[in-house]
Amino acid sequence: MAPASRLSTRVLLVCAAVGVATGLLGGIEGWLAVPVITGLPIVYGFLLGIHVLPGIVAQETLRLPWVALITHLIAALASSAVAPPYTFQFLGTAVLFGGLQEGVAALVRYRSWAPWRFFVSGLVIGVVVALAVFFAAHLSALPLWAQVTYLTLAVLGPVAWTAIGLWIGVGLRRAGVARR
């Protein structure tokens, strides 16, 4: 008999459920992105931080390697169904955010599931997003106070969404979703 896979059908189904649920939120964010970045660009980074949810919820719930990346990819597909024009952005975000979350987990060899570890990944994602959007959207043209506000919100957004993701993940664990 073949050994049991760490990514059992149950694990993949949990990744799929979390991915679809969080992907729907990501799709809504996709439609809000253009109006927000043109009308109130200083809050865009905070809004974009919602995309940390798939990996955080999956890792907190299952505490296994690869679940963040798998769940992010499923979430990107669900987001693409809601907001098809942004498919490539969703896939890129999934690979970037899921990869960073997996990378931070791999650094501690998938042995530490303490909240600090999740917040480190949220902070890293926040810095990457803040700088990328700052330059891509030419936010340097904004007044200094708006630039500082944008950078602060963009860095703290993924951290705040990480806290929400941990809360959801803890609830799913308590409900028995991670039971083996």
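**Exercise 1. Place Leu142 in the fold and say how open it is.**

Step 1: Look up its element. Leu142 sits in the loop between H6 and helix H7 (144-174); helices here are DSSP runs (H or I, at least four residues), numbered from the N terminus. The model is predicted, with local features needing pLDDT of at least 70, side-chain atom pairs counting only at pLDDT 80 or more, and totals for chains, interfaces and linings using all residues. Residues are numbered from 1 along each chain as its sequence is written, and side-chain values use heavy atoms, leaving out hydrogens and water.

Step 2: Check the accessibility. Leu142 has a relative accessible area of 24%, so it is partly exposed (buried is under 20%, exposed is over 50%, partly exposed is in between, with a 1.4 Å probe and protein chains only).

Step 3: Pro41 is 101 residues away from Leu142 in sequence, yet their C-alpha atoms are separated by 9.3 Å.

**Exercise 2. Work out which residues form the salt bridge, and whether each is buried or partly exposed.**

Step 1: Count. There is 1 salt bridge in the structure, meaning a side-chain nitrogen of Lys or Arg within 4 Å of a carboxyl oxygen of Asp or Glu. As background, side chains of opposite charge can pair when their charged atoms come close.

Step 2: Name the pair. Glu60 and Arg63 are the partners, with 2.9 Å between the closest N and O atoms.

Step 3: Glu60 is at 4% relative accessibility, so it's buried, while Arg63, at 29%, is partly exposed.

Step 4: Look at the backbone too. Arg63 lies in the loop between helix H3 (53-62) and H4, and its phi is positive, about 55°, although it isn't a glycine. Trp66 lies in the loop between H3 and H4 and also has a positive phi, about 75°, again without being a glycine.

**Exercise 3. Describe two contacts, Ala58 with Gly169 and Arg109 with Pro65, by their C-alpha separations.**

Step 1: Take Ala58, found in helix H3. At 1% relative accessibility, this residue counts as buried. Its C-alpha atom is 6.9 Å from that of Gly169, 111 residues apart along the chain.

Step 2: Now Arg109, in the loop between H5 and H6. Arg109 is exposed, at 58% relative accessibility. Pro65 is 44 residues away along the chain, with 9.0 Å between the two C-alpha atoms.

**Exercise 4. Characterise the largest pocket and the largest cavity.**

Step 1: Get the idea. Rolling a probe the size of a water molecule over the atoms shows where empty space is left. On a 1 Å grid over the protein atoms alone, a cavity is a set of points where a 1.4 Å probe fits but cannot get out, a pocket is an open set with protein on both sides within 12 Å along at least five of seven lines, and lining residues have an atom within 4 Å of a point. Points are joined across faces, edges and corners, and volume is the space filled by probe spheres set on them.

Step 2: Do the pocket. The largest pocket comes to about 310 Å³. It has 18 lining residues, and Glu29, Tyr44, Leu48, Gln89 and Thr93 are the closest to its centre. Helix H1 (9-39), helix H2 (44-48), helix H5 (87-107) and helix H6 (115-136) each give two or more lining residues, with H5 giving the most, 6 residues. The lining splits into 12 nonpolar, 5 polar and 1 charged residues (Ala, Val, Leu, Ile, Met, Phe, Trp, Tyr, Cys and Pro count as nonpolar, Asp, Glu, Lys and Arg as charged, the others, Gly among them, as polar).

Step 3: Of its 14 lining residues, His51, Pro54, Ala75, Ala76 and Ser79 are the closest to the centre. H1, helix H4 (67-82) and H5 each supply at least two lining residues. By class, the cavity lining has 7 nonpolar, 7 polar and no charged residues.
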